[in-house]
Amino acid sequence: MSERTDLSPLWEVFVRARRGLSHNHVGSLHAPDAELALRNARDLYTRRQEGVSIWVVPAGAITASSPDEKDAFFDPAADKVYRHPTFYEVPDGVAHL
């Protein structure tokens, strides 16, 4: 396998399968600009018409939490009982929440 000789930035690709659904991360690719990243993502990740919308995001623009810091980062949420669905009473006749 040869080394990459270009310095194209890395882009993260998100595809929405159908209207009303969320975009899901499907992979990454290298491209010199957003327009080419979008076109390449379309060709690479929606060859069988799997999507209705594509997002490409420069990987360097994403800030993420570290899995190693999971306990400390998410721990404060445990003391907020109102975030749990058991805190609320569901009225009779409500089929879906």
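In this predicted model, the side chains of Arg-42 and Asp-43 form a salt bridge, with 3.1 Å from N to O. Side chains of opposite charge can pair when their charged atoms come close. Asp-43 has a relative accessibility of 41%, so it counts as partly exposed.

A search of the whole structure finds 2 salt bridges. Another pairing joins the side chains of Glu-35 and Arg-39, at 3.3 Å from N to O. Both Glu-35 and Arg-39 belong to helix 1, which covers residues 34-45. They are 4 residues apart, about one turn of the helix. Glu-35 has a relative accessible area of 46% and is partly exposed. Arg-39, at 43% relative accessibility, is likewise partly exposed.

The helix can now be placed against the strands. Helix 1 lies across strand 1, strand 2 and strand 3, and runs at about 120° to strand 2. The sheet is open and has 3 strands in the order 2-1-3, with antiparallel pairing. At its edges are strand 2 (24-30) and strand 3 (53-58), each of which pairs on one side only. From one strand to the next, the twist averages 25°.

Strands of a sheet pair through backbone hydrogen bonds, either parallel or antiparallel. Strand 1, residues 10-16, pairs with strand 3 in the antiparallel sense over 6 bridges. Within strand 3, Val-56 is the bridge partner of Val-13.

Notes. Residues numbered from 1 in each chain as written. Predicted model: local features only at pLDDT ≥ 70, side-chain atom pairs only at ≥ 80, totals over all residues. Heavy atoms only, no water. Salt bridge = Lys/Arg side-chain N within 4 Å of Asp/Glu carboxyl O. Helix = DSSP H or I, 4+ residues; strand = E, 2+ residues; numbered from the N terminus. Buried < 20%, exposed > 50% of the residue type's maximum accessible area, 1.4 Å probe, protein only. Pairing = 2+ DSSP bridges. Axes fitted to C-alpha atoms, helices over the stretch in contact; angles between N-to-C directions. Contact = heavy atoms within 4.5 Å.
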